[in-house]
Amino acid sequence: MAGMLGRPGSWGGLVLRVGQTFFAAACIGVMGSSLGFASYTAFCYLIASMGLQMLWSFALACLDGYAITTNKDLTSPILVSLFVVGDWVTAILSFAAASSSAGVVILFQKDVFFCRRYTQLPCGKYELATAFAFLSWALSATSALIMFWLLAAF
């Protein structure tokens, strides 16, 4: 499993972590700049979940960068089991937050027509932040599957 793409301490793992961090930060930035997002629990949960995702992914990106520069191996069973738990927790939280936010966005746009009635609502920003959250989740789920696969290989 030493040649597996996306494993900890590799360039593939670093790219996955940087992508997760970038999309989580973009989600927080877009949602945070939207007026009135704090009035909706799903959007507050999205901010909290993406904050956790961003911190976790940034920490592991730093760890990957350190491992690459010093040629350290991060595939010990203890480290991989820690990565598995962290990745699965953040992936599940990110998916739940992105899905609940998508539900609110669809409700606003298609069901109750809040976006047409209340033009001051930044529905486009809500939608963009939700899309960034799903992109961050997709990369996080990929990392979680890779880590699980590595753990199963031990």
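**Exercise 1.** Is S101 buried or exposed?

*Solution.* The model is predicted: local features need pLDDT of at least 70 and side-chain atom pairs count only at pLDDT 80 or more, while totals for chains, interfaces and linings use all residues. Residues are numbered from 1 along each chain as its sequence is written, and side-chain values use heavy atoms, with hydrogens and water left out.

Step 1. Take the cut-offs: buried means under 20% relative accessible area, exposed over 50%, and partly exposed in between, with a 1.4 Å probe and protein chains only.
Step 2. The relative accessibility of S101 is 0%, so S101 counts as buried.
Step 3. Helices are DSSP runs of H or I with at least four residues, strands are runs of E with at least two, and both are numbered from the N terminus.
Step 4. List the neighbours. Contact means heavy atoms within 4.5 Å. Not counting residues up to four places away in sequence, S101 touches A42, F43, L46 and T130.

**Exercise 2.** Describe the largest nonpolar core.

*Solution.* 
Step 1. A nonpolar core is a set of buried Ala, Val, Leu, Ile, Met, Phe, Trp, Tyr and Cys residues joined through side-chain atoms within 4.5 Å.
Step 2. The largest one has 22 residues, and C27, M31, F43, L46 and Y126 have the most contacts inside it.
Step 3. Two or more residues come from each of α1, α2 (41-70), α3 and α5 (123-153). Helix α1 gives the most, six residues.
Step 4. Look at F43: leaving aside neighbours within four places in sequence, F43 is in contact with M31, F37, S101, V104, V105, F108 and Y126.

**Exercise 3.** How many helices and strands does the chain have?

*Solution.* 
Step 1. The chain has five helices and zero strands.
Step 2. Of its 154 residues, 43% are buried.
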